Amino acid sequence: MPTPLIEIHDLHKHYGSFHAVDGLDLHVSQGDVYGFLGPNGAGKSTTIRMMLSLIRPTSGSIKVFGLDLTSHRNDILRRIGAIVERPDFYNYLTARRNLELLGRLSGADVSTSSIDRILGIVGLASRASSKVKTFSHGMKQRLGIAQALLHSPDLIVLDEPTTGLDPQGMVDIRDLILELAADHKKTVFLSSHILPEVELTATRMVIINRGKAVVEGAVQDLLNAGRLKVTIETSEVPRALELIRATPLSSHIQSSTDGAIIMMMEREEIAGLVAHLADARIPLSAVSPVRSLEEYFISLTQEVS
Amino acid sequence: MIGTAYRVEMSKVFSKWRTFIGFIALGVLIPVVVAAMGIEGGQYLGFATQALKQTFDFTGNLMNGYTVSYIIFGSLYVHVPFLITLVAGEVLAGEATAGTYRLLLTRPLSRSTMVSAKFLATLTYTNLLVVFMAAMSLGLGIALLGTGEVVVIRSQITIIAENDLWWRFVLAYGFAALAMTTVASVAFLFSSLVENAIGPIMTTMAIIIVMTIISAIDIPIFDYLRPLFFTNHMNGWKFLFDDPVNWTKVSISAGVLLTHIIGCYTATQIIMRRKDILT
């Protein structure tokens with residue numbers, strides 16, 4: 001069992017009768033790229049704010065690096081770099097000056113050369129001396145990532161890090177997250193609405209809804225569990241449909257077009273169906289089982305709702 | 001850590017244009033007043049001492065740097081608080097408005113350290129403004145109009161000799177620093193309660209105006225409230241130009257102001273410790 005880096009137990013945050021977070025449990029291991037998913041209002045940002053001690057929990061415990069957040073706040077924050085929601089900065093200061101001041105407060109020795117290096121990594125080297133008020137949202141987002149990496153933290157908390165970025169920017173950030181985890185052994189806690197981003201980067205994930213964890217586990221295990229959407233491409237759709245309807249899989253048929261049949265089925269059932277169609281000499285051009293995170297996310301959050 | 005946080009706060013305060021509004025305003029106004037006093041100050045003083053001239057002979061340079069500084073001190077005292085609230089009211093609320101609490105408070109910096117650093121930066125700005133006001137009015141006044149005695153006309157007339165003035169001015173500006181720090185502390189407290197800098201600025205000025213009005217209305221019920229208002233003690237510096245100085249009154253006024261400063265600072269610490277950062 002890997003060392004838990006973040007342990008959240010029975011976390012609650014109540015605003016009057018509204019329970020923003022309602023008994024949340026989380027375990028993030030060292031080295032994980034941990035996807036933190038949920039619909040709007042699920043409690044993601046509230047949880048992140050509690051993890052970073054911006055909000056006081058109503059009850060429950062948060063441990064990071066094995067230390068209790070309440071009693072070791074500064075020791076923990078010294079090892080965390082974070083972006084929380086919008087990337088806001090001191091607009092009247094330059095990008096470099098913002099990082100210099102934040103670096104001083106980070107408790108680490110952040111040199112001018114390391115600031116320039118980080119600005120280069122996020123693609124802002126040429127705008128280092130520009131005031132932040134002249135930056136676009138995407139540039140501020142990049143600067144947000146720069147300030148999170150500034151003091152070489154062990155845990156990086158990214159709340160919607162690619163919002164406002166152009167497609168190339170999104171790819172750059174995705175690659176950066178993968179590089180941080182693989183090459184620098186950083187743990188990344190990634191909250192995002194962009195589900196393919198989580199699917200492509202995260203090793204483990206949790207989906208929360210109404211302040212509670214709905215499902216938690218390794219991304220691939222979760223995607224492989226349950227029924228898949230299978231697209232069977234063939235030039236003989238009517239005959240294939242007739243054959244399938246004669247089997248117990250008949251009820252799994254979702255729809256059909258001129259060239260394909262779409263079914264919802266268990267992974268284990270696919271091989272038998274393919275063999276059955278092949279025996280009947282149905283020409284199959286492709287059989288594509290797909291379970292996207294998006295479909296999984298929607299199915300889970302709808303079930304709970 | 002507080003030293004680092006203080007230096008960061010000072011960098012931020014002095015990177016903002018609004019910080020220099022006070023210095024620019026005083027830098028323009030004081031030379032204008034000194035020049036005007038140099039040209040027509042004799043008439044002004046003649047009018048003020050008109051009744052006395054029937055009984056006494058006035059000799060020497062009465063419209064001098066000290067007198068001008070004393071007059072400027074008394075009149076700008078009403079307006080400087082507004083310049084101070086411009087900065088003090090924004091110190092905490094500005095972070096909320098800009099959304100930068102999230103940057104600041106996710107650093108290994110306790111909230112009490114952050115509040116203390118910001119409070120110290122506010123005090124530094126406030127006191128620099130008072131020192132600037134003192135240096136401008138005394139320095140420019142003495143350079144242009146020379147030195148001499150000061151005629152203080154209050155409930156009684158006091159003529160203070162030149163060699164008896166310096167320590168009074170030093171203490172008076174020290175008292176002014178205390179009074180302006182009180183104003184800054186009130187604005188600082190309101191700044192912790194809201195997420196927009198306009199609120200603390202307007203509220204602090206409204207409080208000063210309301211307290212000043214209540215203090216001026218001679219109704220018995222207000223007699224109990226008046227001694228508690230900090231505005232009622234901000235003019236305590238004037239006792240330093242009495243002869244002999246009424247040290248009891250000076251001490252009571254200084255004590256009330258100091259109590260307000262400590263109270264506002266403590267309340268701000270408690271509020272910020274419990275505050276959920278939602279911006």
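Reader: Which residue in β8(A) is the bridge partner of A:Leu158?

Author: The partner is A:Leu190. This is a predicted model, in which local features need pLDDT of at least 70, side-chain atom pairs count only at pLDDT 80 or more, and totals for chains, interfaces and linings use all residues. Residues are numbered from 1 along each chain as its sequence is written, while chains are lettered from A and ligands numbered from 1 in the order in which they are written.

Reader: What makes β7 and β8 of chain A a pair?

Author: Two strands pair if DSSP finds at least two bridges between them. β7 (residues 155–159) and β8 (residues 187–191) of chain A have 5 bridges, in the parallel sense. They therefore count as paired.

Reader: Why is one side of β6 and of β10 in chain A left without a neighbour in the sheet?

Author: The sheet is open, with 6 strands in the order β6-β7-β8-β3-β9-β10 (chain A) and mixed pairing. β6 (80–83) and β10 (212–218) stand at its edges.

Reader: What makes A:Val157 and A:Phe189 a contact?

Author: Contact means C-beta atoms, placed from the backbone, within 7 Å. A:Phe189 is among the residues in contact with A:Val157 once neighbours within four places in sequence are left aside. Others include A:Ile48 and A:Ile80.

Reader: Why is the set of 145 residues called a nonpolar core?

Author: The name means buried Ala, Val, Leu, Ile, Met, Phe, Trp, Tyr and Cys residues joined through C-beta atoms within 7 Å. Buried means 20 or more other C-beta atoms within 10 Å of a residue's own; exposed means 12 or fewer, and partly exposed lies in between. The 145 residues form the largest such core, and A:Val157 and A:Phe189 are among those with the most contacts inside it. Helix α9 (residues 166–193) of chain B gives the most to this core, 16 residues.

Reader: How many helices and strands does chain B have?

Author: Chain B has 12 helices and 2 strands. Both are DSSP runs numbered from the N terminus: helices are H or I with at least four residues, strands are E with at least two.

Reader: Why does the radius of gyration of chain B agree with a compact globule?

Author: The radius is taken over C-alpha atoms, and the globule rule is 2.2 Å times the number of residues to the power 0.38. For 279 residues the rule gives a value near 19 Å; chain B has 21 Å, so the two agree. Of these 279 residues, 40% count as buried.

Note on methods
Two residues are in contact if their C-beta atoms, placed from the backbone, lie within 7 Å.
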